[in-house]
Amino acid sequence: MDSEEFIEQAEAFLTELEREHYLVGAGRKEQLEIAAIFDRYPQLFSREAVAACLQEQAGAADPVAARYLAAFAADGYLEQAVKALSEEITNRELAATVEWDGEALPYRQVRTVLAQEPDQARRHGLHCRQLAVTARQHDLRAGRFRRLHQEAVSLGFENYTALCETLKGLELPALAEAMGLLLEQTEAAYAGRLEEALLAAGVTPDTADVSDILYCFRAAQFDRYFPADEMGRSLHRTMSGLGLVKGDDFGFILDLEPRPKKSPRAFCAAVRVPDEVYLVIKPQGGSDDYDSFFHEAGHATHYSRIAPDVPWPLRRLGDSDITESYAFLFHYLVHNPRWLRDVLGLPLSVAEEFRRFALFKKTWFLRRYAAKLRYELILHEGDPAETCQAYVDTLTEALQVEIAPENSLADVDDGFYVAQYLRAWIFEAMLRRFLEEELGEAWWGNRDAGWFLRDAWRRGQALPLTALAREIGYDRLDARPLVEELLELG
Ligand SMILES: [Zn+2]
């Protein structure tokens, strides 16, 4: 298979896969049938194909596109290698239940129930039962990571970390250093906010675990300010301010239709970029639902604005941190007091109170991911069965609540996705500061911001994040705007 054929097959494969995810997630198809799609493209993720892609990087006319293709091929190859183990873990989790109030509660629904349980003792009891189920898949997960590690070496990389770093452009040493600084600099502010949030939720700080944080994040007191029926309209108002809508046309397909089996969480499906991009939502309301709706709207807007003549690898593939940055740019509008007042009509005092809550949530996420990065660097260099203690120590130090060793492998996404998110968080804060300085604090109401973003989006993923940083006046990814934001409000 030559490179042209590979691209053709890759495009057909991803289109089918993404459409399958859309149909099932949108509640238009009963069952997810992924294996059949993989079976239709047996050559795509063969050893020969991935070896060819890795080799073609050297001396490629477009090194960025060649790297994206190599990353796509390697991801697919690794996924194939652990397919049976992944399926077994997923199926066991789907079948698992925990006994709760005399009934069998599906394992995957425990998180939602924990977030709504006001009694701490009951929360901790349910959390314990959840962890007992998680622990049962630990050996399978360890075997799965071990296999990923072996396959990375067999592809000619020093180890799994080196494969991810090289193919995804993660710049891990610089990122780890910046995140070490972030952990130091935000420690005091975080400790104060954590205590305040826990006390407000009726939790004594030194008894807190992760389930208490889930409960804090539920923040039901703000629900009435984030009504389900305003979601579509608030997005429309925002995008009109940026000059990004024509009449009722968002440029992507907004699927708001109620269907019984529709996914409760918003998602974006980029089936064909830029012409068939879906934003799917079953509006529930509440700040968390707004967060994920605007986040996914950022993805949908980005993908649907890429010029159709951009070569496919730069249009549909690419480092995830690029599209995640634009997703965060939309997502964090929901945390902006002025946007909350101007677009959603919140009284300014409520918007400011919400800002305080949102900053605590963001600081928690950043510290959690910074610690996860530190931990995953340890995990992927050693034996995955031996890293429970490192997980507990690293996350406890960063988060100051009780951390359960049972999650040491369940709490890890493949391929250092943790680093892609962190890079996107850093870049989004840089980009937002640039927009505010150039176009004003309420940049989302300025058509020039729309023009600027449209120009960036048109090119697809042709420029990696570090090159985009140079376009807005930085010589590299700089975590300072992000850290400064986390330190706002003391
Ligand atoms: Zn995202």
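Modeller: The model is predicted. Domain 1 covers residues 98-136 and domain 2 covers residues 169-490. Their C-alpha centres are 27 Å apart, and the contact between them takes 13 residues from domain 1 and 13 residues from domain 2.

The area buried between domain 1 and domain 2 is about 1200 Å². Carbon and sulfur atoms give 58% of that area. On the side of domain 1, Ala115, Arg123 and Leu131 lose the most area to domain 2, and together they make up 37% of what that side buries.

Polar groups also meet here: six residue pairs are in polar contact between domain 1 and domain 2, counting pairs with both residues at pLDDT 80 or more. The elements giving two or more residues to the domain 1 side are helix H6 (110-116) and helix H7 (120-136). Of that side, H7 gives the most, with seven residues. One salt bridge is found across the interface. The side chains of arginine 123 and aspartate 212 form a salt bridge, with N to O at 2.7 Å.

Now the metal site. The zinc ion is coordinated at 2.1 Å by His295 (NE2), His299 (NE2) and Glu324 (OE). Along the chain these donors follow the spacing H-x3-H-x24-E. Histidine 295 and histidine 299 are separated by about one helical turn, because they are four residues apart in helix H14 (residues 287-304). Histidine 295 has 9% relative accessibility, so it counts as buried. Histidine 299, at 7% relative accessibility, also counts as buried.

Key
Residues are numbered from 1 along each chain as its sequence is written. This is a predicted model: local features need pLDDT of at least 70, side-chain atom pairs count only at pLDDT 80 or more; totals for chains, interfaces and linings use all residues. Side-chain values use heavy atoms; hydrogens and water are left out. Donors are N, O and S atoms within 2.8 Å of the metal (3.2 Å for Na, K and Ca); water is not among the atoms, so sites may look incomplete. Buried means under 20% relative accessible area, exposed over 50%, partly exposed in between (1.4 Å probe, protein chains only). Domain bounds come from an automatic or database domain assignment. Contact means heavy atoms within 4.5 Å. Buried area is the accessible area (1.4 Å probe) that two parts lose on being put together, summed over both. A salt bridge is a side-chain nitrogen of Lys or Arg within 4 Å of a carboxyl oxygen of Asp or Glu. A polar contact is a pair of N or O atoms within 3.5 Å; within protein, one must be able to donate a hydrogen and the other to accept it, and residues adjacent in sequence count only if both atoms are side-chain atoms.
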